[in-house]
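I opened the model to look up its fold, its surface and a few residues. My entries follow.

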Amino acid sequence: FVIIGSGGVGAGLYLMRLAMFNPDVCWDKKNNPEPWNKLSPSDQYKFYSVNVDYSRLKKDRPDF
């Protein structure tokens, strides 16, 4: 019960993290209809990245 319960709680917390902090999810369409445009290249929104140093990334897209 402990292992299955902790797995369920972990899955729920991960889904909550995705719903709150993922730039693909938009809860407020009036004030911020495209939240992915406000991300800088150095923002880390992935949970775990193996070989990427986000502090060294440069901007390679235009401003809208």
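I took helices (H or I, at least four residues) and strands (E, at least two) as DSSP runs, numbered from the N terminus. This is a predicted model: local features need pLDDT of at least 70, side-chain atom pairs count only at pLDDT 80 or more, and totals for chains, interfaces and linings use all residues. Residues are numbered from 1 along each chain as its sequence is written, and side-chain values use heavy atoms, with hydrogens and water left out.

**Fold.** I found one helix and zero strands in the protein chain. Helix α1 covers residues 2-21 and includes V9.

**Burial.** I called a residue buried under 20% relative accessible area, exposed over 50%, and partly exposed in between (1.4 Å probe, protein chains only). Of the 64 residues in the protein chain, 8% are buried. V9 counts as exposed because its relative accessible area is 51%.

**Surface.** I used Shrake-Rupley areas with a 1.4 Å probe; for residues, only the protein chains shown count as cover. The protein chain exposes about 6000 Å², and carbon and sulfur atoms supply 61% of that.

**N32.** I placed N32 in the segment after α1. N32 is partly exposed, because its relative accessibility is 26%. I counted a contact when heavy atoms lie within 4.5 Å. Leaving aside neighbours within four places in sequence, N32 contacts C26 and K38.

**Range.** I checked contacts in the protein chain between residues at least 6 apart in sequence: 16% of them join residues at least 24 apart.
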